[in-house]
Amino acid sequence: MASATIDTSALKHNLGIVRTRAQGSRVMAVVKANAYGHGLVPVARALAQADAFAVARVEEGLALRNAGIEQPIVLLEGVFDADQREAAAASRFDLVVHGAAQIELLRGAAPASFKVWLKLDSGMNRLGFDPADFPAARAALGALAAVRGPVHSFTHLAGADEPRDAATAGQLACFEAATRGLPGERSIANSAALLNLPSALADWVRPGLLLYGASPMPGAVGADHGLRPAMTLRSQVIAVKAIRPGARVGYGGAWVASRPTMLAIAAIGYGDGYPRSAGAAGSVLLRGRRAPLAGRVSMDMLAIDATDLEPAVRVGEPVVLWGPGLPVEEVAAAAGVIPYELLCGISQRVAVEGR
Ligand SMILES: Cc1ncc(COP(=O)(O)O)c(C=O)c1O
């Protein structure tokens with residue numbers, strides 16, 4: 001019953017905004033995690049103008065190639081065994097190389113198999129070579145027959161959504177020092193860096209969230225940056241119930257009616273990926289107007305205080321959980337999570353449909 005409609009024209013529009021903001025850079029569209037819940041292959045088709053796609057898993061890249069996607073595909077975490085390496089070579093994937101074992105793995109690959117991005121750990125302490133080890137890793141990689149063309153340089157920022165964070169300046173300085181004068185392309189910027197850090201744009205930007213029309217900045221929404229939400233999450237009212245003042249609603253009776261109340265029960269819950277933690281502060285759109293949630297979100301349902309709706313709410317009416325008119329960022333804030341988590345967290349039960 002719950003469905004997510006994907007507005008492909010919004011995806012294209014958002015790619016246009018990215019291009020305007022990063023005019024000197026090529027765009028590696030980040031489509032991992034089922035394109036942040038929007039549908040991997042349909043999103044890649046909609047973003048045909050992207051210069052490359054980035055995914056986290058070999059399987060994601062294979063799904064793109066099987067669908068006939070011909071752009072470069074970058075594996076953001078590279079490959080971890082010989083089977084993955086061979087699959088990646090056969091499908092012409094580009095690799096991020098972030099650890100010594102991956103360099104060893106590439107020794108066994110056929111000549112000129114891969115374009116490689118060497119990842120510097122400039123301060124996030126997750127993946128990548130420490131600055132002290134970066135030159136040797138680069139030399140080792142550059143000497144491998146499997147590597148096609150120059151070794152390219154890559155890093156990831158931990159706090160680009162907090163532009164005043166001194167650690168971000170430190171990461172940029174670290175990357176600059178490690179890669180100054182080196183041949184090859186460079187890539188640093190995720191969505192937040194694309195918005196906040198012109199010096200991080202480099203040869204390739206790697207937006208994810210912005211393409212889907214949401215903002216990575218605390219307190220902001222996509223529209224603040226000229227973006228349009230690509231996903232509308234919908235369901236419908238499956239029951240309507242008039243309750244008296246004092247009546248308790250839902251698990252734990254966490255919500256108590258303070259007036260004669262008209263409840264609308266909608267067929268969506270945390271089993272669909274709608275956050276249970278939104279129960280206390282969240283709202284939905286009914287007939288385009290905000291209506292607050294009433295009580296705890298259940299697995300398959302949630303209750304809405306529809307008392308203020310005139311004429312009264314009826315079974316079968318559509319309910320919008322997020323989308324145009326109700327930014328996913330707002331739902332995330334009400335739930336105490338980030339919009340990434342909500343978009344990626346749409347469950348199998350939700351039909352994702354293009355438009
Ligand atoms: C290495 C890397 N680059 C870029 C991105 C895209 O990030 P965002 O969605 O914030 O633009 C991600 C996603 O987490 C990533 O892991």
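Predicted model: local features only at pLDDT ≥ 70, side-chain atom pairs only at ≥ 80, totals over all residues.

User: How many helices and strands does the chain have, and what share of its residues count as buried?

Analyst: Helices (H or I, at least four residues) and strands (E, at least two) are DSSP runs, numbered from the N terminus. Here the chain has 11 helices and 18 strands, and its C-alpha atoms fill a box of roughly 75 × 45 × 35 Å along the principal axes. Buried means under 20% relative accessible area, exposed over 50%, and partly exposed in between, with a 1.4 Å probe and protein chains only; 53% of the 355 residues count as buried. Contact means heavy atoms within 4.5 Å, and of the contacts in the chain with a separation of 6 or more, 62% are between residues 24 or more positions apart.

User: Into which domains is the chain divided?

Analyst: Domain bounds come from an automatic or database domain assignment, and here that gives domain 1 (8-215) and domain 2 (231-354). The contact between them takes 9 residues from domain 1 and 8 residues from domain 2. Taken over C-alpha atoms, the domain centres are separated by 37 Å.

User: How should I read the largest pocket, and why does it lie between the domains?

Analyst: On a 1 Å grid over the protein atoms alone, a cavity is a set of points where a 1.4 Å probe fits but cannot get out, whereas a pocket is an open set with protein on both sides within 12 Å along at least five of seven lines; lining residues have an atom within 4 Å of a point. Grid points are joined across faces, edges and corners, and a volume is the space filled by probe spheres set on the points. The largest pocket holds about 830 Å³ of space. Domain 1 and domain 2 both give residues to its lining, so the pocket lies between them. Of the 38 lining residues, Tyr 36, His 156, Asn 190, Ile 338 and Tyr 340 lie nearest the centre of the pocket.

User: Which helix gives the most to that lining, and how do the lining residues divide by type?

Analyst: α10 gives the most, with 4 residues; at least two residues each come from α2 (32-36), α9 (191-196), α10 (328-335) and α11 (339-344). For the types, Ala, Val, Leu, Ile, Met, Phe, Trp, Tyr, Cys and Pro count as nonpolar, Asp, Glu, Lys and Arg as charged, and the others, Gly among them, as polar. By that scheme the pocket lining divides into 24 nonpolar, 6 polar and 8 charged residues.

User: How many cavities of 30 Å³ or more does the structure hold?

Analyst: The structure holds 2 such cavities. The largest cavity has a volume of about 50 Å³, and its lining, which includes Tyr 212, Met 231, Trp 322 and Leu 343, draws at least three residues from each of domain 1 and domain 2. That lining divides into 8 nonpolar, 2 polar and 1 charged. The second largest cavity has about 40 Å³ of space; among the residues lining this second cavity are Lys 119, Asp 121, Arg 126 and His 156, and its lining divides into 3 nonpolar, 3 polar and 3 charged.

User: Is Glu 317 buried or exposed, and with which side chain does it make a polar contact?

Analyst: A polar contact is a pair of N or O atoms within 3.5 Å; within protein, one must be able to donate a hydrogen and the other to accept it, and residues adjacent in sequence count only if both atoms are side-chain atoms. Glu 317, in the loop between β16 (302-305) and β17 (318-322), counts as buried at 13% relative accessibility. Its side chain is joined to that of Arg 287 by a polar contact of 2.7 Å.

User: Where is Thr 5 placed?

Analyst: Thr 5 is in strand β1 (residues 3-6) and is buried, with a relative accessible area of 10%. The side chains of Thr 5 and Arg 234 make a polar contact of 2.9 Å.

Conventions
Residues numbered from 1 in each chain as written. Heavy atoms only, no water.
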